Amino acid sequence: MDELDLIRTRAETVGFAPAEHLAPARERLLAAARGERRHRPRRWFWLAGASIGLAAAITAVVALTPADRVGVGAGVAHADPVKVLTAAADTALKEPAKPPRPDQFLYVKTEYAIPPNREVWLSVDGTRDSLIGSFKEGGCRNGKAPMYGTNDPRFEGKFEDCAPRRAYRTDLPTTADAMLAYLYDKEEDREGRAGYIGKAVYTLADEQALQPASYAALFAAAARVPGLTALDHVTDGAGRPGVGIEFPVSPGSDPKAKPIVLVFDATTYQFLGTTDSAVTVKTYVDEVGQRP
């Protein structure tokens, strides 16, 4: 908050003095300028001094007190969320493109602040059976996928209509404009939907694999979402330190809902996870159940 914000906040809280209250002070000031005898000079200057002192005191508090002690929020960063996300986009774009083979699997290990952790083996082209924890997910072949884990023996061994769910996404936009339109297309109302966009960004950055240009577009698009806050000194679900980008809770959400905070390495700006989770391994393997 700078001085103008401070004045604006102060004015919104107490309002401006009405003209009739300012008139006597104006008259005394003009009289003083004309050299006329001043009435109750000590009180006038004491009031002026008090006002100046109050403003100085507020400014001093804002300048010297940590942000979490003036109601701004714990760990509010000096970093600009736009700059952090733009740096994350630059980092993603520099990553070498390593397209996997269609018959491989994307292996992701996610650690949580509160265990258990999570491991997934997701079919790169979506045609092979994936494994999510201990549950199989049928690959989609010729528009049909086997049904697993339905807890209903009548469906075991049967097939359902499907479309391949590819873990390696080559169909996503590669520019910020197109990616932002893609993200918002999932939400008709753009106003106050930053929280939904944050979850969509997390979903794509977490257990899916994108081309470097799409990763860059994803973070560059996120940088254009209004209402974001940068948080210093946060940790991801594995305790790794970083800088956080907080997406506010959408209006109408459950009162207990918490904002999602994406965590990036404070030096390299690589995506680490959230304050509740951490992507600690993400690579390609040849078989379901194989670990690097």
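Arginine 224 counts as partly exposed at 45% relative accessibility, and in this predicted model the residue forms a salt bridge with aspartate 177, the closest N and O atoms being 2.2 Å apart. Aspartate 177 lies in helix H5 (residues 176–184) and arginine 224 in the loop between helix H7 (212–222) and strand S9 (229–235), so the pair ties together parts that are 47 residues apart in sequence. Aspartate 177 itself, at 52% relative accessibility, counts as exposed.

**Other salt bridges**

- A search of the whole structure finds 11 salt bridges, and one of them joins arginine 101 to aspartate 286, with 3.1 Å between the closest N and O atoms.
- Arginine 101 sits in the loop between helix H4 (81–94) and strand S1 (105–112), whereas aspartate 286 belongs to the segment after strand S13 (277–285), which places the two partners 185 residues apart.
- Both ends of this pair are partly exposed, arginine 101 with a relative accessibility of 41% and aspartate 286 with a relative accessible area of 37%.
- Arg101 and Asp286 are also linked with Asp103 in a network of salt bridges.
- The side chains of lysine 144 and aspartate 161 meet in a further salt bridge, at 2.3 Å from N to O; since lysine 144 lies in strand S5 and aspartate 161 in strand S6, the pair ties together parts that are 17 residues apart in sequence.
- Lysine 144 is partly exposed, with a relative accessible area of 38%, while aspartate 161 is exposed, with a value of 59%.

**Disulfide**

- The count comes to one disulfide, which joins cysteine 140 to cysteine 162 with an S to S distance of 2.0 Å.
- The pair links distant parts of the chain, 22 residues apart, with cysteine 140 in the loop between strand S4 (135–137) and strand S5 (144–146) and cysteine 162 in the loop between strand S6 (159–161) and strand S7 (168–169).
- The torsion about the S-S bond of cysteine 140 and cysteine 162 is about 90 degrees, so the disulfide is right-handed.
- Cysteine 140 is buried, with a relative accessible area of 5%, whereas cysteine 162 is partly exposed, at 26%.

**Nonpolar core**

- The largest nonpolar core has 45 residues, and those with the most contacts inside it are Leu183, Leu218, Phe219 and Phe264.
- Domain 1 (79–98 + 167–278) and domain 2 (103–165) both give residues to this core, so the core lies between them.
- Leucine 218, when its neighbours within four places in sequence are left aside, is in contact with Met179, Leu183, Val201, Leu204, Ala205 and Leu210.

Methods:
Residues are numbered from 1 along each chain as its sequence is written. This is a predicted model: local features need pLDDT of at least 70, side-chain atom pairs count only at pLDDT 80 or more; totals for chains, interfaces and linings use all residues. Side-chain values use heavy atoms; hydrogens and water are left out. A disulfide is a pair of cysteine sulfur atoms within 2.5 Å. Helices (H or I, at least four residues) and strands (E, at least two) are DSSP runs, numbered from the N terminus. Buried means under 20% relative accessible area, exposed over 50%, partly exposed in between (1.4 Å probe, protein chains only). A nonpolar core is a set of buried Ala, Val, Leu, Ile, Met, Phe, Trp, Tyr and Cys residues joined through side-chain atoms within 4.5 Å. Domain bounds come from an automatic or database domain assignment. Contact means heavy atoms within 4.5 Å. A salt bridge is a side-chain nitrogen of Lys or Arg within 4 Å of a carboxyl oxygen of Asp or Glu.
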